Amino acid sequence: MGLGAPVNVHDIGIIGAGVHGLTAAYHLARRGVSTVVFERGDRAGGPTGRASGVVRSYYTNRFLAEVARDSTAVLADLAERAGGGSGNGSGYVRTGGLYLHGPADAAGVHATAAGLAAAGIDHEVLAPRDLAQRFPDLDLDGTAIGVWETHAGHADPHRTALTYAARAAALGATLLEHAAVCQVAEGPRAVKVLLADGSGHEVGRLLVAAGPWTGPLLAQLGVALPLTAERHVVAGLRHPPGDVPRAVPHVLIDVQHGYYSRPAGPGRFLLGPLAPTVPVDPDDFDAAVTPAETAWLAGRAARRAPVRGRAVAERGWASLYDVSPDWQPVTGRVGERVYVDAGTSGHGFKLAPVWGDHVARLLLGDPDERLGQFSPGRFAAGAGLPGGFGAARILG
């Protein structure tokens with residue numbers, strides 16, 4: 001069967017059942033829009049299922065800070081908010097978050113804090129003396145300024161994505177797993193999609209939200225976006241029992257030393273780097289964290305919190321980031337009927353609950369005008385967005 005013989009028709013098609021594709025599907029389905037999701041593997045089986053799940057609103061970009069703020073509120077009570085009953089459907093745990101910077105970042109930190117204040121995000125800017133009083137177990141040598149964010153924490157990306165998948169399906173969305181897309185063609189009245197199993201589909205509008213596989217899919221339509229895939233690791237460590245009472249109990253984003261951490265249960269924590277890495281093939285990369293990578297992260301973490309120097313390595317993993325040149329999302333129209341939501345560069349999970357609603361509105365012709373700054377055309381126009389602090393561009 002070729003592209004000329006579609007057998008299934010929907011208003012909207014979405015390629016990718018990660019958290020961004022699934023939240024968009026949910027927000028479309030709750031509006032009564034006929035929606036189909038095509039997923040090459042299992043739902044949340046790509047980068048979403050391997051994300052570390054840090055939840056924060058500490059963004060240099062005001063719009064992203066507001067989206068993260070509102071998404072945090074959704075994650076805190078996802079099952080109820082998504083209409084699925086009581087309980088926490090995301091696994092969100094509020095720990096608070098501490099961001100530590102060297103002197104070169106001071107002006108940017110104050111500007112970021114002003115944006116957080118304007119957005120009503122609960123935070124405090126802390127001078128070195130304040131930091132030493134509040135966090136006596138941390139080595140603050142060379143730290144010039146810090147920020148405490150009250151509602152930061154962590155959630156379970158896989159669980160969150162499955163919650164949205166279930167609600168989208170209950171509202172009428174069609175979720176097709178192990179349904180790899182092999183051909184896409186845009187026509188004057190519809191977009192035709194051919195799957196590897198030979199089945200054809202026709203959709204009024206198509207959203208490509210396929211993470212690291214977005215670029216090759218769009219290339220079929222003659223759309224070239226400067227997106228790359230990067231391998232990023234998450235190392236797991238465990239304190240010996242006697243050190244558990246002194247474990248760092250909150251999210252810690254140590255910009256000064258180039259890593260982040262979050263709690264992962266009693267006496268356990270996860271570590272990851274903040275800096276970019278080299279591009280990789282998303283279909284051929286090492287999914288295991290190496291001992292050297294764990295040692296590098298553990299050494300940085302112990303430098304900041306000496307108690308971590310006695311922690312031992314546990315399970316870790318490597319995942320993929322789909323990265324844009326400015327490390328900001330790439331969301332917008334790339335054809336008459338084709339749209340993209342990709343390039344979230346490792347910080348997309350925490351945005352997804354509300355970002356999915358913005359994407360749904362975009363597909364339905366009613367976008368928030370502030371979404372325009374993330375247009376795919378900005379790179380060709382030389383209008384990349386600022387964000388982050390130095391090499392830590394992932395902070396957005």
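The model is predicted, so local features need pLDDT of at least 70, side-chain atom pairs count only at pLDDT 80 or more, and totals for chains, interfaces and linings use all residues. Residues are numbered from 1 along each chain as its sequence is written, and side-chain values use heavy atoms, with hydrogens and water left out.

Helices (H or I, at least four residues) and strands (E, at least two) are DSSP runs, numbered from the N terminus. Two strands pair if DSSP finds at least two bridges between them. Buried means under 20% relative accessible area, exposed over 50%, and partly exposed in between (1.4 Å probe, protein chains only).

Strand β13 covers residues 228-238. Nine of its 11 residues are buried, so β13 is largely enclosed by the rest of the structure. Strand β18 (residues 317-323) pairs with β13 over seven bridges, in the antiparallel sense. Within this pairing, A229 has D322 as its bridge partner. Four bridges link β13 to strand β16 (residues 268-273), again antiparallel. Here A235 stands opposite L271, and R238 is the bridge partner of R268. Strand β17 (residues 312-313) also pairs with β13 in the antiparallel sense, over two bridges. In β17, R238 has V312 as its bridge partner.

Strand β16 is itself largely enclosed by the rest of the structure, because five of its six residues are buried. Strand β15 (residues 259-263) pairs with β16 over five bridges in the antiparallel sense. S261 stands opposite L271 in this pairing. The hairpin of β15 and β16 has four residues between the strands. In that hairpin, G265 takes a positive phi near 110°.

A separate description applies to the open sheet of three strands, with the order β3-β8-β4 and antiparallel pairing. The edges are β3 (54-55) and β4 (93-94). Each has a single partner strand, so one side of each is left without a neighbour in the sheet. Two bridges join β3 to β8 (residues 153-154). V54 stands opposite H154 in β8.

Helices α2 (residues 62-75) and α9 (residues 352-363) come within 7 Å, axis to axis, and cross at roughly 115°. Axes are lines fitted to C-alpha atoms, for helices over the stretch in contact, and angles run from 0 to 180 degrees between N-to-C directions. On α2, the contact (heavy atoms within 4.5 Å) is made by F63, L64, V67, D70, S71, V74 and L75. On α9, the contact residues are A352, P353, V354, W355 and H358.

H101 lies in strand β5 (residues 97-101). With 0% relative accessibility, H101 counts as buried. Its side chain makes a polar contact of 2.9 Å with that of D105. A polar contact is a pair of N or O atoms within 3.5 Å; within protein, one must be able to donate a hydrogen and the other to accept it, and residues adjacent in sequence count only if both atoms are side-chain atoms. Leaving aside residues up to four places away in sequence, H101 touches Y58, V109, T143, A144, I145, V255, Q256 and F389.

H201 belongs to strand β12 (residues 200-208). H201 is buried, at a relative accessible area of 5%. The side chains of H201 and S199 form a polar contact of 3.3 Å.
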